[in-house]
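Biologist: I would like to learn how to read a model like this one. Could we go through some features in turn?

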Amino acid sequence: MTVSTVTAPGTRERSENGLFVSGEPAHAWTVSTAKPVTYEVRFTPGVLHPENPALALAGTTSEVRSRRRLLVVEEKVNELYGAQVLAYCEGQGIEFELCVIPAHEQLKTMESVFRVVEHMDRFGISRRHEPLIAIGGGVLLDIVGLAASLYRRSTPYVRVPTTLIGLVDAGIGAKTGVNFDRHKNRLGTYHPSSVTLLDRAFLSTLDERHISNGLAEILKIALVKDRVLFDLLAEHSKCLLSSRLQSAGSEDGGALADEVLRRAVQGMLEELQPNLWEHQLQRLVDYGHSFSPTIEMEALPDLLHGEAVTVDMAFTTVLARRRGLVSEADCDRVLGVMEDLRLPLFHPVCTPGTLGRALADTVRHRDGRQHLPLPVGIGRACFVDDVTQEEIDGALTELASYGPAAGRAQ
């Protein structure tokens, strides 16, 4: 971080570094700084192969190649991949300590963050040259990211997402966060990992519901900015689900799965990069995230994150159709693709009162404006600020009429 200007009102002479050194005494200063932010997101097949140095080198500097690492691994991931993690560290000559924690939405709390911090402190992690490594789903990545941002005010870390929602959403942005008082991600920071390594092979051990959960975030990008991606999801939904985005059930060696993932990551990063700190509150990637934070927390543990996002997207698609922004045919097609992806369109917690409160909370979060993204056809979107409770009631009644197929009891 460099100081570009330090001005003191009432002073007369300035030295080369910008500080005033003579003249009348100063009683106030304005400090202007700039901090460049660079981080890398990279597809890395075979990330845990003992001969692949990518993870061992991730986040390190050429000057200091420390081989000490604290690895925070989600409990279920450790059951599935713990032996591979151990073999990797041995193969790369890494001196490591393992911190295994359970991580799901109900445990996305400061208590989990403190547990990670305790391990960091006990390990004696270097503040600059021994990046923390997080291996797990989106919840685990958020917990570790927040711990890293708080420990000594900024510690580098590396993300290895093991879920689809981690690969295309939670693992590639700048935000960290945990829940507070039944509010989704109410506490958090902006602290991107130095490197995120994406390996879709982890998806092979996910159940179908968690594949659907991640496809919801891919569908979000498709609906607001990538019609080609939507068409891929519409045409290949069953194949993507059954193959868990491995070979995609074809002879192309996974080219379809790679294309879907690449477009999803590219679309997300295109939206995040110019507005990483969210100074601009009109964000396309907030589509599906205006009502869903309240829906998700009210429905716990019934709905996963992507499922709650889909209920939000289904509702706002109907709302957009009632405004003439989406044709009836496109609306039906969108809802049909959601069902093909085995995602819910509705949940019983979606009452007029709940969605009214959800929108009010979103308005507070967006500095007094709705800034509500609504689809315009398929592949485009606009922002509105005038959605009324009457509109919410009407769209909700229509959505609920889609019947039992719209709900997905778990």
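Modeller: S32 has a relative accessible area of 35%, so S32 counts as partly exposed. The residue sits in strand β4, residues 30–34. Keep in mind that this is a predicted model.

Biologist: How far is S32 from L146 in sequence and in space?

Modeller: The two are 114 residues apart in sequence. From C-alpha to C-alpha, S32 and L146 are 26 Å apart.

Biologist: Now helix packing. What describes a helix pair?

Modeller: Two numbers do: the angle between the axes and the distance between the axes. Take α7 (residues 227–243) and α8 (residues 255–272): their axes come within 11 Å and cross at roughly 135°. The crossing of α7 past α8 is left-handed.

Biologist: Which residues of α7 and α8 meet?

Modeller: From α7 come V228, L229, L232, L233, H236 and L240. From α8 come L256, E259, V260, R263 and A264. By class, this contact has eight nonpolar residues, one polar and two charged.

Biologist: At what angle do α6 and α10 pack?

Modeller: Helix α6 (residues 208–225) and helix α10 (residues 305–322) pack at about 40°, and their axes are 8 Å apart. Angles under 35 degrees would count as roughly parallel, so α6 is oblique to α10. On the α6 side, the contact uses R209, N213, A216, E217, L219, K220 and L223. On the α10 side, it uses H305, G306, E307, V309, T310 and M313. The classes here are five nonpolar, four polar and four charged. α6 also passes α10 in a left-handed crossing.

Biologist: Next, the sheet. In what order do the strands run?

Modeller: Read across the sheet, strand by strand. The order is β5-β12-β9-β8-β6-β7, in an open sheet of six strands with parallel pairing. β5 (40–43) and β7 (95–101) are the edge strands, each pairing on one side only. On average, neighbouring strands are turned by 20° against each other, direction ignored.

Biologist: How many bridges join β6 and β8?

Modeller: Three bridges, in the parallel sense, join β6 (residues 68–74) to β8 (residues 132–136).

Biologist: Let us turn to loops. Is R366 buried or exposed?

Modeller: Buried, because its relative accessible area is 3%, under the 20% cut-off. R366 lies in the loop between α12 (352–365) and β13 (372–375). Leaving out residues up to four places away in sequence, R366 touches L281, D286, H289, S290, H371, L372 and P373.

Biologist: What is the phi of H371?

Modeller: Phi is positive, about 40°, although H371 is not a glycine. H371 is in the loop between α12 and β13. Its relative accessibility is 9%, so H371 counts as buried.

Biologist: Where is E278?

Modeller: E278 is in the loop between α8 and α9. E278 is not a glycine, yet its phi is positive, at about 60°. With a relative accessible area of 12%, E278 is buried.

Biologist: Which peptide bond is cis?

Modeller: The bond from L300 to P301 is cis, with omega near 0°. P301 is found in the loop between α9 (292–299) and α10.

Key: Residues are numbered from 1 along each chain as its sequence is written. This is a predicted model: local features need pLDDT of at least 70, side-chain atom pairs count only at pLDDT 80 or more; totals for chains, interfaces and linings use all residues. Side-chain values use heavy atoms; hydrogens and water are left out. Axes are lines fitted to C-alpha atoms, for helices over the stretch in contact, and angles run from 0 to 180 degrees between N-to-C directions. Helices (H or I, at least four residues) and strands (E, at least two) are DSSP runs, numbered from the N terminus. A crossing is left-handed if the near helix is turned anticlockwise from the far one by less than a right angle, and right-handed if clockwise. Contact means heavy atoms within 4.5 Å. Ala, Val, Leu, Ile, Met, Phe, Trp, Tyr, Cys and Pro count as nonpolar, Asp, Glu, Lys and Arg as charged, and the others, Gly among them, as polar. Angles under 35 degrees count as roughly parallel, over 145 as roughly antiparallel, 65 to 115 as roughly perpendicular and the rest as oblique. Two strands pair if DSSP finds at least two bridges between them. Buried means under 20% relative accessible area, exposed over 50%, partly exposed in between (1.4 Å probe, protein chains only).
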